[in-house]
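Please find below some notes for someone opening this structure for the first time. They are set out as numbered points.

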Amino acid sequence: MYRDSMQGAAPHQPRIVFALMSAVAPAAGVDQLVRALAPHTVLVHHDFSQQPEFRLTAPNAVFVPEPVPTGWAVFGFVDGIFHTLRHALAEHDFDYLQLLSPSCLPIKPMAQFEQHLCGPADAHFDCIDLLDDVDALMSVGYRAFTPEGSLRHRFTRRLTWTYFGREHARRDEAGIWIRSGGRSGVLPKLALGTMRAVSRPALGRHLFDRDFRPYYGSVWFGARRSVLRSLVDGFDRQGVRAYFSRLRIAEEFLIPTLLMQAGASKGPINHYVHRFNEAHPGLLLEEHLEMLRGQPAFFARKFPVDVDARVRQRVLQELCTGGAPGAGESVAAPAPLEQHPARGPIAAEPVADAAAAAMIKGRAIGRA
């Protein structure tokens with residue numbers, strides 16, 4: 001199933017593959033991002049059902065064959081991620097994979113990211129233990145322990161408002177945000193006690209226990225090949241997909257939980273995720289440029305996807321190139337892959353227009 005013959009890499013130069021989840025963002029913005037990641041290969045999982053006319057010209061872009069339908073807050077997004085991971089493990093030689101979205105951009109030169117990956121960490125992500133963090137438990141526990149739309153889901157969601165009230169503090173961490181600072185009084189204490197009871201599998205009817213603890217955090221992780229194998233194996237465990245497919249925005253629980261289950265040495269998340277506005281990260285603008293310069297992260301989101309956005313141009317020219325050619329300029333084509341999975345030999349030509357029909361045809365397989 002997995003391709004583990006990784007030959008030809010320099011002793012201290014990790015071979016990186018990027019996995020890019022694409023659906024509705026303009027092709028020009030995706031192309032710009034892919035070029036900024038050169039010389040590394042970018043596996044593009046694009047949902048052609050949402051944007052059939054999707055053309056990329058970046059020579060380091062490779063489409064994931066037979067993509068599955070995706071979308072925001074639907075489980076197809078999770079299926080698309082794991083479909084991409086399986087494809088990467090089975091077909092490509094690499095040491096490390098970083099997951100990205102079209103609204104991400106690098107904010108440091110790629111050489112610094114490569115050097116960073118020579119460190120001891122096997123995976124880079126961040127998360128919060130739901131059972132050890134009262135704020136997290138009361139903010140999102142209802143999403144982790146109950147199926148979306150169920151009576152239990154609606155009931156436990158009300159416990160959040162009973163505990164925090166309408167006025168509350170917040171914590172922005174782990175690439176997400178949670179409410180903070182529960183109220184005093186009898187009703188908030190009853191709400192907390194009820195949620196703690198629901199967190200026990202006997203009452204909550206979920207699959208979390210001492211050996212499978214629930215974690216909450218950003219989906220935008222990076223990990224070594226061995227960790228990805230553990231991640232895919234964990235997803236394939238009996239009952240895992242069936243359970244998580246019923247949760248709201250399941251990837252924010254599933255990915256951190258499986259990464260923690262992998263037991264790999266953990267490093268800080270490679271992303272800076274801008275302050276959330278409810279369920280969505282805020283938009284990074286030109287006024288945030290100096291703040292981004294000081295971030296220890298190597299990528300940031302959420303940027304405008306318009307290639308003409310001034311903030312994108314300045315980030316690519318001033319932060320991520322280190323004086324190298326900008327994303328709008330030509331870059332040397334990498335050669336880690338001999339052929340595009342859907343079209344045959346790669347050339348320095350657009351790889352997406354003719355592939356669209358093949359990808360659309362493959363959606364029927366992806367749904368099965």
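**Notes on the predicted model**

1. Arg-158 sits in helix α5, which spans residues 151-164. The model is a predicted one. Arg-158 has a relative accessible area of 63% and is therefore exposed, the cut-off for that being over 50%. Between Arg-158 and Ala-191 there are 8.7 Å in space, C-alpha to C-alpha, although the two are 33 residues apart in sequence.

2. Among the buried residues of α4 are Asp-135, Arg-143 and Phe-145. At the start of α4, the backbone nitrogen of Asp-135 has a side-chain oxygen of Asp-133 within 3.1 Å.

3. The largest pocket holds about 730 Å³ of space. Its lining is made up of 32 residues, and those nearest the centre are Trp-72, Phe-77, Ser-101, Trp-220 and Arg-301. Two or more lining residues come from each of β1 (16-22), α10 (251-262) and β15 (280-281). By type, the lining of the largest pocket has 18 nonpolar, 10 polar and 4 charged residues.

4. Strands β8 (residues 169-173) and β9 (residues 176-180) run antiparallel and are joined by 5 bridges. Ala-169 has Ser-180 of β9 as its bridge partner. The hairpin of β8 and β9 has 2 residues between the strands, and in this hairpin Ala-174 takes a positive phi near 60 degrees.

5. An open sheet of 3 strands is also present, with the order β5-β16-β13 and mixed pairing. Its edge strands, β5 (105-106) and β13 (271-273), each pair on one side only. β13 runs parallel to β16 (residues 299-301), with 3 bridges between the two.

6. Arg-213 and Asp-129 form another salt bridge through their side chains (3.0 Å, N to O). Here too the pair links distant parts of the chain, with Arg-213 in the loop between α7 (201-204) and β10 (215-216) and Asp-129 in strand β7 (residues 128-129), 84 residues apart. Arg-213 is partly exposed, with a relative accessible area of 23%, and Asp-129 is buried, with a value of 13%.

7. A salt bridge also joins the side chains of Arg-310 and Glu-286 (3.5 Å, N to O). Arg-310 belongs to helix α12 (residues 310-319) and Glu-286 to the loop between β15 and α11 (289-293), so this pair ties together parts 24 residues apart in sequence. Both residues are partly exposed: Arg-310 has a relative accessibility of 44%, and Glu-286 has a relative accessible area of 33%. Salt bridges with shared partners join Glu-286, Glu-290, Arg-293, Arg-310, Arg-314 and Glu-318 into one network.

Terms used
Residues are numbered from 1 along each chain as its sequence is written. This is a predicted model: local features need pLDDT of at least 70, side-chain atom pairs count only at pLDDT 80 or more; totals for chains, interfaces and linings use all residues. Side-chain values use heavy atoms; hydrogens and water are left out. Helices (H or I, at least four residues) and strands (E, at least two) are DSSP runs, numbered from the N terminus. Buried means under 20% relative accessible area, exposed over 50%, partly exposed in between (1.4 Å probe, protein chains only). On a 1 Å grid over the protein atoms alone, a cavity is a set of points where a 1.4 Å probe fits but cannot get out, and a pocket is an open set with protein on both sides within 12 Å along at least five of seven lines; lining residues have an atom within 4 Å of a point. Grid points are joined across faces, edges and corners, and a volume is the space filled by probe spheres set on the points. Ala, Val, Leu, Ile, Met, Phe, Trp, Tyr, Cys and Pro count as nonpolar, Asp, Glu, Lys and Arg as charged, and the others, Gly among them, as polar. A polar contact is a pair of N or O atoms within 3.5 Å; within protein, one must be able to donate a hydrogen and the other to accept it, and residues adjacent in sequence count only if both atoms are side-chain atoms. Two strands pair if DSSP finds at least two bridges between them. A salt bridge is a side-chain nitrogen of Lys or Arg within 4 Å of a carboxyl oxygen of Asp or Glu.
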